[in-house]
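Hi there,

Here is the structure I promised to pass on to you. Have a look at it first, and then read my notes below.

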Amino acid sequence: MNELHLETSPYLLQHANNPVHWKAWNANSLALAKKENKLMIVSVGYSACHWCHVMEHESFEDDEVAATMNNHFISIKIDREERPDIDAVYMKAVQVMTGQGGWPMNVVTLPDGRPIWGGTYFRKNDWINSLERLHEIYIENPSTILEYAEKLNEGLQSISIISKNDSETDFNFETLKTLVTKWERSFDWDFGGMARAPKFMMPVNYEFLLRYGYQTNNQKILDFVNLTLTKMAFGGLFDTVDGGFSRYSVDMKWHVPHFEKMLYDNGQLVSLYANAYKLTKNQHYKEVIEKTLNFVKKEWLTNEGSFYSALDADSLNTDNHLEEGAFYVWTRSELEILLKDDFELFSSVFNINEFGFWEQENYVLIQNKSLTDIAEEQNIPLETLEQKKKQWEQILYSEREKEASQGWMINA
């Protein structure tokens with residue numbers, strides 16, 4: 001057991017039994033690095049982070065890795081939800097060094113905390129080799145590392161300084177129009193969002209575009225926002241069975257999410273869909289809002305009136321092993337048993353076919369047509385189909401509740 005057993009953060013406590021001699025970020029830990037003149041490893045993550053769990057299992061629970069870290073480094077674990085200030089500093093450094101960021105975030109620093117190397121997820125051998133090489137350079141040729149640290153620190157300082165602008169702001173909509181026109185080149189007009197994968201929801205962006213489209217009477221922008229909100233709500237990104245959005249989609253069509261659910265995402269998305277509903281009166285948006293708020297209240301609201309921050313991406317599968325998304329996916333045989341005679345109609349709504357297939361016999365529920373269109377195709381009343389959809393979701397919800405009672409879900 002390392003020093004993290006003294007902490008209260010759920011994420012730090014997850015690492016309390018690692019063979020790595022983890023310490024928390026505090027004055028004593030920082031002073032020890034200076035006293036022993038050792039490089040520090042600053043490792044940042046959070047309790048619902050899938051790849052944080054993967055790296056813990058592959059590396060931080062491994063005795064060989066622990067030996068390298070314990071012999072040559074002062075290792076500090078940080079919960080980004082507890083210390084977003086520290087996370088922000090080192091994330092900027094990682095982005096400068098590698099051109100990208102994410103979690104887990106792992107940075108090696110000088111004893112005084114200045115970063116010299118870093119990245120996100122590392123495989124075991126890559127992690128060991130990198131640490132050993134850094135230690136070797138630090139012992140044999142420290143001036144090289146010190147010089148790099150100084151240059152990196154100067155660069156970080158320069159991009160962190162916001163110069164004071166005393167001139168009068170000359171703001172007009174023509175400036176915005178030019179920027180939005182350039183932005184439009186990245187729009188995905190098939191599935192909404194930006195034309196790249198993975199796809200993050202970025203609710204603040206669509207709040208802006210919604211307001212911009214309304215204030216400038218730009219129907220094209222409004223159409224794009226509505227396309228995006230509809231496709232996000234249709235996709236596996238949105239949990240139509242129990243409400244709430246996952247953090248992001250790994251593909252272009254919002255189909256397969258990174259299955260963790262974050263409170264801050266869902267709070268912003270409720271506001272976004274509420275504003276879109278005010279403008280459009282789209283009943284699907286109203287359904288999304290109600291389901292999401294019910295989910296937040298049911299799963300995250302505590303008796304004391306506070307909120308949990310996340311649900312883990314990993315859950316126990318039928319073999320009692322942790323697996324990303326196990327709680328949320330369905331096999332065709334499961335659905336045939338649960339839905340009986342309605343299975344074929346259910347399949348036409350939620351694409352239990354090639355479009356909705358994920359991997360290993362698993363399907364992630366996704367819509368690509370409105371209920372109105374499907375009702376017309378199937379020659380049934382829209383009201384009947386809407387009622388059936390509610391019944392199906394209740395059946396699947398009840399099945400999930402049985403799984404949850406067996407401990408399949410992991411709260412964070």
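Please keep in mind that this is a predicted model.

Let's begin with the strands. As background, the strands of a sheet pair through backbone hydrogen bonds, in either a parallel or an antiparallel way. Two bridges link strand 12 with strand 14 (residues 362-363), and Trp330 sits opposite Tyr363 of strand 14.

Next, find strand 3 (residues 105-109), which runs antiparallel to strand 4 and is joined to strand 4 by four bridges. Val107 stands opposite Gly118 in strand 4. Five residues lie between the two strands of this hairpin, and Gly113 has a positive phi near 95°. Strand 4 (residues 115-119) is mostly covered, with four of its five residues buried.

The largest pocket holds about 770 Å³ of space. It is lined by 26 residues, and those closest to its centre are Gln283, His284, Glu287, Lys389 and Lys390. Which helix gives the most to this lining? Helix 12 does, with nine residues. By class, the lining of the largest pocket has six nonpolar, ten polar and ten charged residues.

The second largest pocket has about 400 Å³ of space. Among its 18 lining residues, Gly101, Gly102, Trp103, Arg247 and Tyr248 are the closest to the centre. This lining divides into ten nonpolar, six polar and two charged residues.

Enjoy exploring!

Conventions:
Residues are numbered from 1 along each chain as its sequence is written. This is a predicted model: local features need pLDDT of at least 70, side-chain atom pairs count only at pLDDT 80 or more; totals for chains, interfaces and linings use all residues. Side-chain values use heavy atoms; hydrogens and water are left out. Two strands pair if DSSP finds at least two bridges between them. Buried means under 20% relative accessible area, exposed over 50%, partly exposed in between (1.4 Å probe, protein chains only). On a 1 Å grid over the protein atoms alone, a cavity is a set of points where a 1.4 Å probe fits but cannot get out, and a pocket is an open set with protein on both sides within 12 Å along at least five of seven lines; lining residues have an atom within 4 Å of a point. Grid points are joined across faces, edges and corners, and a volume is the space filled by probe spheres set on the points. Ala, Val, Leu, Ile, Met, Phe, Trp, Tyr, Cys and Pro count as nonpolar, Asp, Glu, Lys and Arg as charged, and the others, Gly among them, as polar.
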